[in-house]
Structure formats: C-alpha cells, structure tokens
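Subject: Structure for you to look at

Hi there,

Here is the structure I promised to pass on. Please open it alongside this message, and my notes follow below.

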Amino acid sequence: MRINFKSVLSVVLLSLSHNAFAQLNIFACEPEYAALAKEIAPDARIYSATTAMQDPHQVQARPSLIAKMRQADLVICAGAELEVGWLPMLQMKAANARVRSTDEGLFFAAEHVQTLDQDSNADRSMGDVHSLGNPHVHFSPQRILTLAQALTQKLIQLDEEQAQTYIQRLDDFEKRWILAMKKWQQSANQLNGMKVIAYHSSFRYLFDFTGIEQVADLEPKPGLPPTSSHLASLLKQAKNDNVTAIVVASYQSERGANWLAEKANLPVVVLPLSVGGNEQSHDLFSLYDSVLALLTQVSMRKD
Amino acid sequence: MNNFKFFPMHIANKVCVAFAMLAFIPSLSQAQVPTLSNPTVSIALDGYYQNEERLMTERVEGFGLGETELAFSASIDDMFFGKLTTVFEMHEGESEVNVEEAFIQTMALPNGFTLRAGRFLSDIGYLNNQHLHSDAFTSRPSAYRAFLGGHYFDDGIRVSYIAPTDLYWTLGAEVFTGKSIRAEDELGEREYDSTGVYTAFTKIGGDVSIESSWQLGLSYLRNENGQLIHQDHSEEVHEDEHDEAHSAAYTGKNTFIADFVFKWAPNGNYKYQHLTLSAEYFSVSDFMADEFDGEHLIDEDHEAEAKAEDRHNAWYISGVYQFSPSWSAGLRYGKLNSYALDEEHFELQKLKETEFSVAWHNSHFSTVRLEVSHQSSEGFEQAHADNVISLQYVMTLGAHNAHQF
C-alpha cells in the first residue's frame, strides 16, 4: 500500500515538475524588498505580500498569500521576527519546499546586515520587541547596498543561467545607489541633530543615518497604542526638549500624533514606510528622495 | 468507560507534561528564536466566570478554567515538523490532562503535497482546525458542540494538496479512528470499526481587493460508527459510564459542511480596524440504522418531519469587528435541529442561540471578554437558563503563534 502510494506519487510529481522555471517567481514580504528584487531581477514575476499602508507585524495568513507562496522560487523577508505572526503559517500551508530554508529559496534581510537595538533580555513586558534587533533595516543606504549584493548571490544560486544578467544589474544598481547616497548624505547633514517624536521604531535606521534624534515614542511600549496619559507626558517633553516635528509612518494612525501636534504646536510628518507609501515613492531611490525631502521641509519651517 | 481515552494512566500524563515543561522553561524566559535545539513553546491561559451553565459545554457555573494549553513545536529535520499540544481542562468537575495534538508533518514533499500523521485537528469546516484561544466567543457554535464535541481531533493520517494557482485551492483527505464521534452504545455490546472516520475537504479563496479576502470550504465526513443501532431495551441500561470530554452529542453516517469566511480591513491594514464575517452549515444525516425502519420509533407528533429527513442540521453566522487595537465586539446567531433517541422514539430538539461579546485587548497577547448569550431550546432534557453572562480571559505566553486566516 505504502509502496504503491509512493510510486504513484513520484510519477505524478515527475510529470508536474518545474515546467515553467523560465521566469523566476519572487514573493516579497514587504514592498521594499519587492523593489530591491526588481532592481536586480527586473524580468522576474515579483509579488509583494504587503503594502506600505499595512502594518507588517499584523498580516493575515490569507488564502491569496498561501497561493502565491506555493508558486514562489524565492521568498524575501525582513526577518528578525518581524513576520513571526504570519510567515510560519504561510510556509506551513504553502507546502513549498523550495522556500523553506535560507540555504535555498528563503532570504532574510536581517541575517545579512547588522541590526540595531539587539537585546537578548527582551521580554513581553517591554512590548512587542524583537530580540534579534530592529527589523526595519531598509532605511539604511549602506545596508541596502549590502543587501543588494547578498540578494544577487541568492538569485545566482537559484537561477545560474541568468547569473550574468544579475551581476550586470547589480553593478548598475550599485553605481546609481552610490551616486544617490552622496546626495542623500548632504540632506542628512542638514538634518543632523533634529529632534522628533515618532511612532514605533519604524524609522530607526533612517534616524541613525541622518543623525535625527527620536526623543520619544508615541507608543508607550512597542506595539501598544498611544494612551492619553502617555500622550500627556509626551506633551511635557515636547515643550522642554525643543522638538521639531512628530513623525508617523504611512500605515500608522495619526490620531495620537494630531492631538499632540495641536497641543504642542508641532507639525506632523507622514513618511512613507516603504515604496508605495505616497505618490512620489515608486522605487527605492524615490522613496529615499521623498522621505528626505519631507524631513528637510519640516526642518526648514522651524528655522 | 475510561476517562482518558488514549492513555491508561492519568498520573503518567501529568508527570510527562511536568517534565517536558521543566525542560523547556529556560527557553521561555528569553524570547529566543526557535531553532532545532530550541523548540517553540507556547502556553495559552483561559479562565472564566459564568452565572449559568450552557447546553453541551464543559464550562460549569461559577469560576472555572477553560482550555489551558501547553504546546511545543519544532522542525525535526529538513523533512519533518512535529508538534505536541497538551490541554489541561475541566471535565465533569474534574481536572484532566489531554493530548490534543501530537503529530508529525512533512515539510519537503514536492509539488504541494503534505502528509500529516498522529493526533491532530481535522481540517473540515472553518473553525475546527483553529485553536479555541483564537475564538471571538467563549464557546464554539452549537453545530460544533453537537456534532464534533466542540472541536474534532483524533488519531489518524491526512494527505493534502495545494494547487499552483493564483486562486488558492487546496484538497485533502483524512482517515481517523473516530472514537470520539461514535454513536451511543447504551448496552455496551456494540462492535465498532476501529478505523471509523473518513473525511474529504476542499477550500478555495482569494482577495477581492487589497482590503478584502475570502475563503469557501466544502467538507464531507463519513462516520462508519455514526448510526444508532436498535438495541433491546428490555435489559436494564447501565448508566455508570460518563461521557468523555469532546465526544459528540449527535452522530450520523454522513456529515456535510459548507463554510464561508470574509475578512476586511481598511487598506488591508489589520492594525487598527478589521471585520470578520463567517458562516457554516452542517448537515448530519443517516443517524438511524436500517433496523429502525418499519418500526414506530418516531414520536407521533413529529412523525412526518423525522421520517422525511433522517437528518440533524445546524448553522451559524458570526460577525466580529475590531474597532480599535484595544477593543472588539462580536455577534453570533446559530440554530440547531436534532433528534434524540428517547426510549423507542426520536424526539425533535431545537436550539437557538444568540451571543454578543465585547473584548478588551491590552496587547496582541491578552484578551478579556464579556459575553452575553441568549438561548431558547425545545425538547432538551435539562432545562437551561435563557441568558448566560460570562467573563473570560485568554492570554498567551511564550512564542508568538502564527494565526490562521
């Protein structure tokens, strides 16, 4: 019985096997990684599981995502437990052995770069923190460069035939990125030292790059919504600390921020969390341009 | 009958679980990443107070514990994944330790095939394979309580396939012992098939837009031991047995289930607001074995109905809305029509239930729920209260469990 089943299975499997490997199927957990994949593998069929308007911590392991992961040759995610609430369920249900292991078609960005704020003593009383560090690494230009290189290696591993194309695309991307970095560094220098109150640690790497100081968080603890007592304490801090602006990401509620802004007479800046988070940001380059322009605008207003 | 279906010794179980807990406690205190040597450990705590008892539930009046769950899971190697879920629960006033899941699953079969073996939750219907602590109400709908003993888990094997299409489409089949959903054997002399339950199911689903997703499921369960056979009541019935936890109140040979789920969130962002609508329909037919035919077993008042349909049925519809990260509310309405054998007659029973629940979520991991339920029943032996008020907490600690759609 068992032998029969096995032989029947293997015949079925062989006949169905990989008839369409010509176009690589890429499943990105977040739009920034879909955008990065598009730079290196523009001909691939790329699908982003989330948009910049959605909280990447809280995603439903919905049928459409399972169906997409079932077909994927490569899955690219931030890692560092950002997707811990939904990615394991997708992997379990999609039954796609190709994207189960980082040795094969699974790529975690956080495994290729140094993450900030690692804390091995993290526990739940501190809120929704990640012991592997902050997973929102895509706002670090230097780290994006490293990730582009690592992703190219992964693409070559999975699709050797097109290795030459991937190397060329990486080379082209690196040139354009390094050039843009010079421009972004100038904006960053202007922003250095600016103080903001932000929502969550979504822009930890952006603030690290620009030298912006996040003096307080709208969330009393990571993942917990702003409370009125917490907002009241922020109001005091905003007055004392010479804060320039309140920064929220495109998927975050502006309610708490608007209340505080009105009381403390501060501007609220809504930054796109990722590609597609506002009209201007349609790829990684324009995402950085847009974010830095928005912050520069608000810093000028102050001066 | 033995209280512990699958394990002869109560104590052995407790010792095992305690030992397992001790071994893994260090990894609980640090939110480490699960690895081969560091399995995912999670605990769900569930406690409640309710002012009355409800039909076909284990929850007693007053204070009590619901399903307190301790689960371990990890990849075993590159091919297999394993999970053990032990449940501490109350049953007829006594505390029990049950193994609810103990399965292995293949993770690396090619072309979308998966095999699972051991003890696990059947994938029929929408709610059945979901853990109780993720429910939005204190009890499962009457359909689940009546026909599946709350939720149906059993020892067996499953094969499932997922198609490589953009429309989600999965097919599966299971074979189980069927011990918990056997028809009643009042005289204790019936021979049951040891492999009694066969299921087949399919689910399709997708997105309507960036904001809305849906899933539709159809399931069939064949229960070889589901029919009541005619037993001679001239002998005195011995009533010393008591029912096992999770045994179904009503069984039949053929069960069909249709389920539908729709979820919506503004911009598809589940952080602040989202809506879940779900509905299921159960039909459990052929509960009378052929021997009943031709005899005057149907209660005369209901003769026409019962003869026309040798069939129990139940359905529910539920809507849950989370209106802020901290608050959600749910409304559910369900109906059950069943037939119970009373001496020599089948009596029609009807149950209507309406539940309204409000939950406060301090974080993703802690919920406190207040529920008011109204029920009206006909034909049940025990007269139960019309209104039940319950206050419940459900909290999870340890690993962050991934939730199903």
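To start with something you can check on screen: which residue in S14(B) is the bridge partner of B:Asn313? It is B:Asn337. Please keep in mind as you look that this is a predicted model.

Strand S13 (residues 311-324) of chain B and strand S14 (residues 327-342) of chain B are antiparallel, with 11 bridges between them, and a hairpin of two residues leads from S13(B) to S14(B). On to the next strand: S14(B) also pairs with strand S15 (residues 345-363) of chain B, again antiparallel, over 16 bridges.

B:Glu378, which lies in strand S16 (residues 366-378) of chain B, is in contact with B:Leu348, B:Gln349 and B:Lys350, leaving aside its neighbours within four places in sequence. B:Glu378 and B:Leu348 are 30 residues apart in sequence, yet their C-alpha atoms are 8.1 Å apart in space.

Now to chain A. Four of its strands make an open sheet with parallel pairing, in the order S2-S1-S3-S4. Strand S2 (45-48) and strand S4 (106-108) of chain A are the edge strands, each pairing on one side only, and the twist averages 15 degrees from one strand to the next. Three bridges link strand S1 (residues 25-28) of chain A to strand S3 (residues 74-77) of chain A; A:Phe27 has A:Val75 as its bridge partner in S3(A). Helix H2 (residues 31-40) of chain A lies across S1, S2 and S3 of chain A, at about 165 degrees to S2(A).

Finally, the interface. Here 57 residues of chain B are in contact with 48 residues of chain A. Together the two chains bury about 4300 Å², 56% of it on carbon and sulfur atoms. Five salt bridges cross the interface, and one is between A:Lys68 and B:Asp166, with the closest N and O atoms 3.3 Å apart. There are also 19 residue pairs in polar contact across the interface, both residues at pLDDT 80 or more. On the side of chain B that touches chain A, 26 residues are nonpolar, 27 polar and four charged.

Conventions:
Residues are numbered from 1 along each chain as its sequence is written. Chains are lettered from A and ligands numbered from 1 in the order in which they are written. This is a predicted model: local features need pLDDT of at least 70, side-chain atom pairs count only at pLDDT 80 or more; totals for chains, interfaces and linings use all residues. Side-chain values use heavy atoms; hydrogens and water are left out. Two strands pair if DSSP finds at least two bridges between them. Axes are lines fitted to C-alpha atoms, for helices over the stretch in contact, and angles run from 0 to 180 degrees between N-to-C directions. Contact means heavy atoms within 4.5 Å. Buried area is the accessible area (1.4 Å probe) that two parts lose on being put together, summed over both. A salt bridge is a side-chain nitrogen of Lys or Arg within 4 Å of a carboxyl oxygen of Asp or Glu. A polar contact is a pair of N or O atoms within 3.5 Å; within protein, one must be able to donate a hydrogen and the other to accept it, and residues adjacent in sequence count only if both atoms are side-chain atoms. Ala, Val, Leu, Ile, Met, Phe, Trp, Tyr, Cys and Pro count as nonpolar, Asp, Glu, Lys and Arg as charged, and the others, Gly among them, as polar.
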